[in-house]
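Let's go through this one by asking where each label comes from. Have a look at the picture, and then we'll take the terms one at a time.

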Amino acid sequence: MTEENAALTGGEGPAAEAAGQEGRGGVTRIAVPEMSLVVLVGVSGSGKSTFARRHFAPTQVVSSDFCRGLVADDENDQAATPDAFDVLHYIVRTRLRRGLLTVVDATNVQWEARKQLVDLAKAENVLVDAIVLDVPEEVAIARNETRPDRDFGPQVVRRQRKDLRRSLGKISRDGFRRVHVLRGADEIEAAEVVTERAWTDRRELTGPFDIIGDVHGCRAELEALLRELGWQVGPDGATHPEGRTAVFVGDLVDRGPDTPGVLRLVMGMVAAGTALCVSGNHEQKLARALNGRKVRVAHGLQESLDQLAAEPEEFRKAALEFMDGLISHYQLDGGRLVVAHAGLKEAYHGRASGRVRSFALYGDTTGETDEYGLPVRYPWAREYRGRAMVVYGHTPVTEPEWVNNTICLDTGVVFGGRLTALRYPSREIVSVPAEKVWYEPARPLAAPGHEAGRRDPGLLSIDDVRGTRHVEVRHGGGRIKVREENSAAALEIMSRFAVDPRWLVYLPPTMAPPETSRLDGYLEHPAEAFAEFAAAGVRRVVCEEKHMGSRAVAVLARTPEVAAARFGVADGSSGAVHTRTGRPFFSDPAVAGELVDRLRRVCAPLMDELGSDWLVLDGELLPWSAKAEGLIRSQYASVGAAARTALPEAVAALEAAAGRGLDVGGVLERTRRRLENAARFRDAYARYCWPVAGLDGIRLAPFQILACEGRATAVTEPHPWHLEMLSRLDDPLIAPTRHVYADLDSAESREAATAWWSALTAEGGEGMVVKPVAVPGGPPDRAGETGSGTDPGTDSGTGADSGVRTGADPGTEPPRRGQARPSRVQPGIKVRGREYLRIIYGPDYTESLDVLRHRFLGRKRSLALREHALGLEALSRLAGGEPLWRVHEAVFAVLALESEPVDPRL
Amino acid sequence: MLLTISTTVRPATDLGFLLHKHPDRVQEFGQSYGTARVFYPEASEERCTAALMLDVDPVRLVRSRGRSTPDYALGQYVNDRPYAASSLLAGALADVFRTARTGRCASRPELAAGPIPLEITLPALPCRGGPELAHRLFEPLGWEVEARAVPLDEGFPEWGDSRYVRLSLRGEVRLADALNQLYVLLPVLDDAKHYWIASDEVDKLIRAGESWLAAHPERGLITRRYLGRRWALTRTAFARLAELGDDVEEELEPPVEEETAAFGAPEDPDAGPAEAPPGGTAPPDGTAPPGEDAVEDAVSEGTALPAQGDPVDDGNGPEAGGRRPLNVLRREAVLAVLGELGARTVIDLGCGTGQLVGALLADPSFTRVAGADVSSQALAVAARKLRLDRMPDRQRARLELFQGALTYTDDRFSGYDAAVLMEVVEHVDPPRLAALERVVFGAARPGHVIVTTPNAEYNVRYEFLTGMRHPDHRFEWTRAEFAAWAERVCAEYRCTVAFRSVGDDDPEVGPPTQLAVFTLGGTE
């Protein structure tokens with residue numbers, strides 16, 4: 001027997017829902033929702049635990065006995081019952097919040113006990129079923145007697161049985177969706193339990209979808225839009241040649257000229273399986289009106305009633321049945337897409353309750369009304385942090401706008417605006433204009449950012465970055481952990497010094513040096529870098545000159561309007577150049593602005609070529625002293641000054657002592673050598689210093705185009721593509737990045753590249769970075785969507801004016817996209833020059849090479865891989881149009897990882 | 001790395017007896033970080049010179065410490081210790097000339113007991129405060145001082161002088177005293193962070209300074225700097241980040257207010273901009289390792305040694321000379337406003353080391369008090385100063401301290417009668433102020449917001465101030481600018497504002513600190 005309780009199911013689903021319990025040849029089949037709370041009801045000894053064990057997984061069952069044991073070390077200690085139930089409720093609440101089917105194994109024969117559980121389920125917006133195990137008193141008493149730990153007498157069972165009997169009469173009013181009653185040991189023994197999917201769960205549908213905004217009876221515009229989208233439209237149905245599925249966000253009806261026509265078309269599509277439709281508040285109200293309930297006739301309801309009155313009775317009935325059966329929302333495409341009329345916050349996805357339905361139909365309202373008498377809506381989308389895209393309508397806007405991966409498609413067609421569709425997964429927006437103003441709006445349509453009444457300034461929440469975090473990355477695999485201590489450090493740097501987070505779309509990763517060289521006089525040498533890549537299966541590498549300056553990331557938008565539209569920065573700026581910790585390069589905003597302006601002009605042809613109105617460059621800003629003068633003076637020049645002052649006097653004192661015939665041993669010789677080292681040290685840093693005034697003397701050496709519209713080029717394009725594209729930049733501000741290619745299979749090629757490095761470093765160069773020629777981050781996950789770059793196999797060797805080129809032509813081995821690469825290959829290895837390393841290891845490091853060779857690269861290499869993966873993730877999120885907080889999460893994680901303790905000399 | 005001591009006493013070679021080192025031998029003394037050598041470049045009847053040369057192996061220097069010490073940084077590998085006359089040299093001197101320092105000399109007792117003509121040379125002495133400070137420290141001890149600044153780099157004359165001086169001292173001084181003076185004063189002049197930490201530094205200072213320190217006019221500065229070496233902290237994640245950005249770490253140190261009251265040194269502008277970065281002469285509170293309150297208290301209360309005003313730090317500003325420091329006046333003004341508003345629950349946004357939080361806790365009419373700051377270091381100091389671990393439960397229950405940033409919305413900021421932003425907004429880059437406004441006035445939306453900030457007009461009253469009052473200030477507003485900002489905030493976030501002044505209201509330039517009280521109504 002099943003007690004149906006449709007009124008309390010949140011009104012979800014058709015009223016004529018199939019019974020959840022059916023007798024089939026003596027076997028009772030109980031259906032419980034996949035995500036729900038199941039409350040077992042029965043006296044002690046009725047077999048609840050056995051039943052639970054048989055039909056549910058052990059972790060799904062929470063028993064009061066077990067909880068009593070947890071808090072008292074004794075499952076029968078009745079004095080511990082209140083604490084035991086606290087624990088039980090806590091576990092149940094947590095499981096339900098996490099969306100897990102949960103079974104409560106307790107007697108639950110009293111109304112109060114059941115009510116607490118029902119309330120708990122409703123608070124978490126899940127359905128709750130009861131399964132009553134009703135066994136004769138004698139059976140229960142007999143069972144208890146066989147269990148030595150149940151030393152209470154039969155009177156306890158009798159009292160519970162009385163409670164149960166009293167309950168059974170009115171248990172259907174307790175708030176359960178269904179109450180399944182199993183009578184007698186045999187029926188209990190034979191029962192089967194199955195789970196049923198929620199009505200909202202259509203995650204198996206993967207589209208592609210055309211999601212269509214509020215139609216409001218505008219049949220002509222709907223047909224036009226469908227045709228624009230490639231549909232073949234008939235009078236009562238439509239199909240798409242590519243098998244696309246339409247999803248309507250509700251509010252098909254009211255206000256417009258042809259509500260019956262719209263209903264006929266959509267009903268036909270839904271019946272034919274070419275469309276899905278969620279309920280809008282207008283369908284809900286129209287259905288109530290048609291059902292004869294008292295409603296206030298306003299907001300265009302009259303038009304629908306009049307138009308439907310002219311339709312045959314049969315159609316009216318079908319339309320009512322259709323509207324009554326519409327559900328609050330759908331989860332689609334494996335949960336990646338949620339469609340609800342007024343949107344839905346993440347906690348409600350896939351849930352069922354009156355509260356969820358009300359949110360989905362009416363939105364999150366504050367309870368206040370505005371000056372037009374309409375409800376004030378709470379801007380839930382601004383705080384939305386869910387992974388699923390939420391598409392909705394309900395609030396007319398002039399332009400659809402992405403807010404944290406949510407978008408409103410109601411562009412007010414009935415008010416003379418447009419009818420808009422979103423193509424999923426391509427995120428393309430398609431719309432057609434209204435034929436006329438069909439209905440005068442009660443208030444003007446909201447401009448973008450309507451929810452705040454002004455543009456959302458891109459505010460981030462502390463919860464986006466705080467504490468220990470696991471950031472998912474698509475390139476390089478899995479989740480990257482950020483420890484709380486490192487987040488805390490990054491928070492301070494980020495909030496005290498970093499540029500606006502909307503401009504901070506990337507932070508460069510650290511880079512590992514090669515294994516230590518054994519060559520006499522060298523700590524680092526190209527041989528080890530080549531050997532490492534060769535061992536990892538890399539056959540071609542590019543060796544790029546490592547400029548000694550300060551790492552710089554330049555984010556450039558073509559115009560301030562692009563900056564506002566794409567980055568949400570509306571203060572008139574159109575870009576930013578920041579350091580590897582996210583700080584602005586110049587304290588003077590005028591100089592910073594001038595640098596951005598000049599770079600925008602220089603890069604305009606590049607943007608044309610890329611078909612993008614913005615791009616992000618990775619490079620090195622020269623000279624080193626431009627940003628680091630304070631550090632150079634307090635650290636490097638100071639050491640040089642001390643050395644060059646003290647060492648000559650030490651040499652003189654030692655010479656005098658030696659002159660007296662004292663045996664000063666090798667100390668004099670060594671001190672003279674140190675004096676020479678000090679001079680070399682001074683030359684090493686002085687090479688990277690030159691005076692600048694404003695922008696005069698400043699140069700930028702870009703070596704990678706990190707991203708542009710729709711493409712994270714750092715992920716999709718190989719290094720030769722970047723170098724070739726950048727070699728086209730022609731301006732005194734731009735310093736070329738000299739480079740050579742090396743074929744690791746060829747000893748000659750390796751030697752040539754090594755000779756190039758030797759020459760570079762001999763003339764004072766910092767060194768070089770060796771990178772695999774093929775796409776660095778492994779294959780992009782959806783190559784078709786991220787756009788196809790210039791094929792490096794044909795274009796790369798041409799821009800020869802960018803600098804020295806030796807070695808073979810780079811075009812001989814085009815990287816194969818989608819090719820699986822070993823995951824632990826470093827994205828790049830830096831090989832620093834012998835003299836440059838004096839800046840890192842100290843003036844006299846060449847005196848103690850043997851000791852310094854004991855250096856440990858493991859941590860640095862691991863850090864380089866993790867930061868690189870995070871950087872690519874940030875760029876992928878940016879290029880994919882993901883919300884600010886998603887990009888910031890990955891960028892912030894790079895900064896946090898940088899605060900991990902690693903030997904700073906590596 | 002080098003120190004030479006010469007004498008012209010007859011016979012000059014008696015210096016060997018006094019130092020207990022034979023003039024005709026080269027003697028080596030192993031140190032944990034290298035080798036100390038004593039040899040005599042000259043040794044005649046007329047003149048004898050002993051040289052102490054320290055051979056510092058930077059690799060061994062680093063390896064002799066743990067990873068968590070402050071030195072585990074790039075700076076440690078490229079540092080001046082192998083060349084400069086630093087604390088390492090002082091330590092070696094104390095070790096090598098241990099007996100000479102006591103003044104004992106069995107073979108030449110009279111010579112050891114009295115002053116002899118001495119000439120001491122240090123070719124590269126790190127001297128924070130410049131040649132002038134070397135004069136101030138050595139002249140009162142009877143030395144004729146020649147201190148010449150060493151240029152940073154002749155190739156870049158615009159960079160100016162380095163922090164090193166070539167120091168020569170000439171005078172008639174007892175050798176043991178001279179050695180003890182060097183032992184104490186080398187680290188004092190150096191004033192760097194790279195030191196050992198020993199537990200008996202106070203004792204050592206008292207012993208080495210026995211005969212001369214108490215009467216030295218700069219004893220306050222000497223004591224403070226000498227003991228300041230104790231403020232080494234474990235390298236934090238923050239420090240590692242600071243370094244990465246090509247920045248000098250000190251510039252990034254949190255703008256934590258110094259405990260100024262203890263030395264009678266007033267407000268930041270008065271601290272003398274030359275020594276302005278927090279953590280300059282007096283150790284910032286943030287650098288104290290936990291569990292060292294005893295020494296901090298002893299020094300603060302001036303019980304260890306007489307602590308006198310440090311002329312470098314001493315203010316000549318308007319607050320000097322018996323007037324109450326501005327930070328105290330400011331705190332009192334804020335407390336008075338909170339009282340008038342009848343606020344019961346208060347959050348101090350940017351609480352620093354928790355001085356206002358402490359004052360709020362002391363008043364039982366505040367039933368809930370919170371302090372938030374972006375610097376975990378500042379919060380750690382706040383927790384220590386408020387003695388959080390010993391606070392009674394009832395009081396502890398009224399208090400919350402947590403890390404938060406004013407450019408990130410934060411639910412923990414919500415639900416207070418009043419929020420205080422005391423000397424905070426001027427530490428935010430102007431382009432980021434809009435985010436702060438949204439976080440505080442839009443999202444947190446307390447009943448009232450109290451904002452204090454310097455009045456830039458008043459800066460002309462600080463005699464030695466150039467630029468802004470604190471190196472981390474991103475701007476300082478005039479009264480008109482502050483008012484314009486406040487009115488814009490009011491228009492945007494539907495609130496009203498009233499202004500107050502803190503400190504002397506100068507008829508021409510207004511008060512040193514301006515204060516605004518915003519009153520917000522309901523939800524935005």
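**Asking what the labels mean**

Chain B has an average pLDDT of 79, and 76% of its residues score at least 70. This is a predicted model, where local features need pLDDT of at least 70, side-chain atom pairs count only at pLDDT 80 or more, and totals for chains, interfaces and linings use all residues. Residues are numbered from 1 along each chain as its sequence is written, while chains are lettered from A and ligands numbered from 1 in the order in which they are written.

Q: What does pLDDT stay under over residues 256-321 of chain B?
A: pLDDT is the predictor's confidence in each residue, from 0 to 100. Over residues 256-321 of chain B it stays under 50, and residues 66-74 of chain B also stay under 50. As for the whole model, ipTM is 0.78 and pTM is 0.74.

Q: How many residues does each chain bring to the contact?
A: Two residues are in contact if their C-beta atoms, placed from the backbone, lie within 7 Å. Chain A brings 64 residues and chain B brings 66. Chain B's side splits into 36 nonpolar, 13 polar and 17 charged residues. Here Ala, Val, Leu, Ile, Met, Phe, Trp, Tyr, Cys and Pro are nonpolar, Asp, Glu, Lys and Arg are charged, and the others, Gly among them, are polar.

Q: What makes β25 of chain A and β11 of chain B a pair?
A: Strands (E, at least two residues) and helices (H or I, at least four) are DSSP runs, numbered from the N terminus. Two strands pair if DSSP finds at least two bridges between them. Two bridges join β25 (residues 460-461) of chain A to β11 (residues 408-409) of chain B, so they pair, and they run parallel. Leu460(A) has Tyr408(B) as its bridge partner.

Q: Which residues touch the most other members of the largest nonpolar core?
A: A nonpolar core is a set of buried Ala, Val, Leu, Ile, Met, Phe, Trp, Tyr and Cys residues joined through C-beta atoms within 7 Å. Buried means 20 or more other C-beta atoms within 10 Å of a residue's own, exposed means 12 or fewer, and partly exposed is in between, with C-beta atoms placed from the backbone. The largest core has 165 residues, and Leu875(A) and Val891(A) touch the most other members. Helix α27 (residues 884-898) of chain A gives the most to this core, 11 residues.
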